[in-house]
Amino acid sequence: MAQVEATTERVVAADAEKVFDALADYSGTRQKLLPEHFSEYEVREGGDGEGTLVHWKLQATSKRVRDCLLEVSEPTDGELVEKDRNSSMVTTWRVTPAGEGKSRVVVSTVWNGAGGIGGFFEKTFAPKGLGRIYDALLANLATEVEK
């Protein structure tokens, strides 16, 4: 099993604290940011950053739907980590200042991929697909916080 990683980033015209607060607001803002690839969104515990337990289904392709139950932690300032209880998937969001009134948002997801030929295709294509999904989410985030 090879580890698969997908990373996407975007500079947003809003300060880092505002951007981080929007991402950490699972009971409000976060659901509005999700593109059509996400469904069955539900906050099960908490709702604001650390200690949140959130559920959604992520439809990565027409045939691949991942049922995610994510525990949220904040190991350092400006960082959210979502660990999936249903798989090896871990997504890390990092928000850092990027100049006057701007911030850089980097989202990185890692998981243990399949073995064999299926694993080869997963490692080759999954990061690009997930990257497109996160590009859409980050565009929605920019629209939301740049108001």
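1. Start with Tyr41: at 14% relative accessibility it counts as buried, where buried means under 20% relative accessible area, exposed over 50% and partly exposed in between, with a 1.4 Å probe and protein chains only. Trp56, at 5% relative accessibility, counts as buried too. So is Phe38.

2. A quick word on what you're looking at. This is a predicted model, in which local features need pLDDT of at least 70 and side-chain atom pairs count only at pLDDT 80 or more, while totals for chains, interfaces and linings use all residues. Residues are numbered from 1 along each chain as its sequence is written, and side-chain values use heavy atoms, with hydrogens and water left out.

3. Now the rings. Rings of Phe, Tyr and Trp (its six-membered ring) pair if their centres lie within 6.5 Å; planes under 30 degrees apart are stacked, over 60 edge-to-face, and the rest tilted. That rule gives three aromatic pairs. Phe38 and Trp56 have ring centres 5.4 Å apart and planes at 85°, so they sit edge-to-face. This pair links distant parts of the chain, with Phe38 in strand β2 (residues 38-45) and Trp56 in strand β3 (residues 53-59), 18 residues apart. Strands here are DSSP runs (E, at least two residues) and helices are too (H or I, at least four), numbered from the N terminus.

4. Next, Tyr41 and Trp56: their ring centres are 5.9 Å apart and their planes at 15°, so this pair is stacked. Tyr41 lies in strand β2 and Trp56 in strand β3, so the pair ties together parts that are 15 residues apart in sequence.

5. What else does Trp56 touch, leaving aside its neighbours within four places in sequence? Its contacts (heavy atoms within 4.5 Å) include Arg30, Arg66, Asp67, Cys68, Leu70 and Glu82.

6. Trp56 turns up again in the largest nonpolar core, which has 36 residues; among those with the most contacts inside it are Val19, Trp56, Trp93 and Leu141. Such a core is a set of buried Ala, Val, Leu, Ile, Met, Phe, Trp, Tyr and Cys residues joined through side-chain atoms within 4.5 Å. The largest share of this core, eight residues, comes from α3.

7. Finally, look at two charges. The charged end of Arg30 sits over the ring of Trp93, 4.7 Å from its centre, and Arg66 lies over the face of Trp111, at 5.6 Å from the ring centre. To count, NZ of Lys or CZ of Arg must be within 6 Å of the ring centre and within 35 degrees of the ring normal.
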